[in-house]
Amino acid sequence: MRIFTLLLLIAASLTSLSAYAEDGYDLWLRYQTLPKSYAKEVNRTIKSLVPGDVSNPTRALAIEELQTGFSKMLGKPLPTKSNASKASLMLLTSKALAQTSNDVDTARLTELGDEGYLITQAKINKKPVTLIAANSEQGLLYGAFELLQQMQLQTSLKELNRSSSPKIQRRVLDHWDNLDGSVERGYAGSSIWDWWELPGVTNPRYKDYARANAALGINGTVLNNVNSKAISLDHRYIEKTAALADVFRPYGIKVYLSARFNAPMELDGFENADPQNPKVRQWWKDKAKEIYQIIPNFGGFLVKANSEGQPGPGDYGRSHAEGANMLAEALEPYGGIVMWRAFVYSEHDAEDRGKQAYNEFKPLDGKFKDNVLLQVKNGAIDFQPREPYHPLFGAMPNTPLMMEFQITKEYLGFATHIAYLAPLYQEVLEADTFVKGKGSTVAKVIDGSLDSHKLTGIAGVANIGHHRNWSGSIFNQANWYAYGRLAWDPYTDSQAIGRDWLALTFTNEEKFVEPALGIMMRSREAVVDYMTPLGLAHLMATGHHYGPGPWVSDLPRPEWNPAYYHKADKNGIGFDRTKTGSNALSQYPKEVAQSFADPKNMDEKFLLWFHHLPWDFKLQSGKTLWRGLIEHYDHGVEEAKAMQQTWQSLKPYVDQERFTDTAQRLQIQVDEAQWWRDACLAYFSEVSGKAIPKDITPPKHDLQYYIKLSYPYAPGN
């Protein structure tokens, strides 16, 4: 008996330990035990579950998720019943709802489309129930996740009356994963796709990946790097892709592949890949047929062409539209789409890299087939800590444009700095193009409402790897979460998203959430200040993009050099994009161009993006540009220290494992913010001839010390 009691105590101890040991694997699906007072309300409101016909695999997943959530949050699964009874939880499609006696506003449901859902208190066959209703099984799954999230946030179920539908059709994660397991710009370990073991072995993690994405409404995933290999389209790899597609399909997630434009040459020995060559066109048609025979719901192709050495239609004197349309023609019979990236720049046009995409694509407006989305980065350079919105948004009314954000932090400290990116995304989405008057925001361009486009899309370059916590750090998960929320609804407030993520990931305790939210909301601005203040850009070291390298000016292509972007010398600093410089400002509508034209009155966060100014130029504060630049760098360092101090005060609310991991990363961030500040000021002081003011702490080392630092094995390079 004593042995039995001891075993029980050990088991209880292990259970207790597991409840407190957190490694981040569960993401926003932790389903922690609910407080007793709220649990009582849930138990009074929902006493049973009416699952309906679970022969549908998507509904079966919804029921599985609900039972998992209720079991974890309330300690037991819901009893199931075949018909409505008082305090049941019911899942009904609109078709099934029409066959019941109910008091539901069906017109409200009709407006929600194929993926939307309604959660409300209703009477079904005269019985008061909690209802999840939708026009499809997919909508019911999204509704199930939403109900569980609202329970985690401790929303009163009696007052829950929520409907939602996605404002963007294709909500995609782009994985820059290579077939050898490496991940370009990946900072969370190697790829989660084990191409060697597929299709025979499907890791259970693939299902957890699908769950996490479906909980956010993400409905597509590009499995391989945009710098693609032709072998991705080989029959063996199509079968491997099909194994992943089978796992993802019940969650409503389509798979896509990055397609190498000259695949007919590399796979089958064609002499060329000219999109006007009938044999090449037929090859792509045959390849599409082959793929859809194996993967019936295949999403389509993502293509990077004629950029950074990738092959493309320009190799044969053809336009991007001709190349995209060839692939679109092959996919069209099956409902597939082409996502054609507008990220192009050439060493033959050294005037201003930021102008090239506009110059190449603007003349092609209206020349793409209906199943082509032009995928445009949020800014014209390359995922910088801050950029003005890309001038193509609003400039191509006859072509649906797809936003491309970067979730992985290639230029924002990798996985070692906290940088909550939802404010960056929101800043771009809220930017006003004025093309149809005030309020013509970028969000309205990509959701199709501005120009009445039916096909719409948004992509996020994933930050996911094989690391146990998925993203390399706990706070990096917030960027995946925020992207998913904004992909569903690009008008959602970044602060509200951050608050929800904290509650789902850590605790609902207000004494934790508010200070932690303060860290998140100030973090990206802190990074901008200690890396690229006042509109500077691309000061990162060469290749790996980690750490400062404003002195780099000897690379073979001018636009690869940080010095190309800041143009600092004894006379001043900044990139002149006005009429006296590259005139990139003319690519924006006149209202936008006017807002940036006068350096004395513009928003100074873009000052040096558009203007080359003398070091003694007076800022709106009355301080000189040199003094202001120094103070921004200092402020960035102080913000990093303040975030670190705030986190230390939150220790009582966080499990030891995640607290320590975050604390360690914040220490790295403080150290590297100081490194960025010191290295940049040492360089700008030398190149300008300006001394560091006596009341300012000088850099710890001389400039040569920082120049000699190297990081040959930085991840993701």
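Modeller: Gladly, and keep in mind that this is a predicted model. Just after helix H22, Gly689 takes a positive phi of about 80 degrees.

Colleague: And H22 itself, is it mostly covered or open?

Modeller: Helix H22 is mostly covered, since 24 of its 33 residues are buried.

Colleague: Why does the length of H22 agree with what you'd expect?

Modeller: At 1.5 Å a residue, the 33 residues of H22 should span 48 Å, and because the C-alpha atoms at its ends are 47 Å apart, the two values agree.

Colleague: Which residues touch the most other members of that largest core?

Modeller: Of its 228 residues, those are Trp284, Trp340, Trp480, Trp647 and Phe684. Leaving aside neighbours within four places in sequence, Phe684 is in contact with several residues, including Leu536, Pro550, His566, Trp615 and Tyr633. Apart from this core lies another one of 14 residues, among them Val50, Leu97, Ala122 and Val129.

Colleague: Changing topic, how many strands are in the barrel?

Modeller: The closed barrel has eight strands, running from E6 through to E13 in order, with parallel pairing. From one strand to the next, the twist averages 25 degrees. Helix H15 (residues 477-488) packs on the sheet, where it touches strands E6 and E13, and its direction makes about 155 degrees with that of E6.

Colleague: What joins E10 to E11?

Modeller: Four bridges join strand E10, residues 337-341, to the parallel strand E11, residues 372-377, and Val338 stands opposite Val372 in E11.

Note on methods. Residues are numbered from 1 along each chain as its sequence is written. This is a predicted model: local features need pLDDT of at least 70, side-chain atom pairs count only at pLDDT 80 or more; totals for chains, interfaces and linings use all residues. Side-chain values use heavy atoms; hydrogens and water are left out. Two strands pair if DSSP finds at least two bridges between them. Helices (H or I, at least four residues) and strands (E, at least two) are DSSP runs, numbered from the N terminus. Axes are lines fitted to C-alpha atoms, for helices over the stretch in contact, and angles run from 0 to 180 degrees between N-to-C directions. Contact means heavy atoms within 4.5 Å. A nonpolar core is a set of buried Ala, Val, Leu, Ile, Met, Phe, Trp, Tyr and Cys residues joined through side-chain atoms within 4.5 Å. Buried means under 20% relative accessible area, exposed over 50%, partly exposed in between (1.4 Å probe, protein chains only). The expected span of a helix is 1.5 Å times one less than its number of residues.
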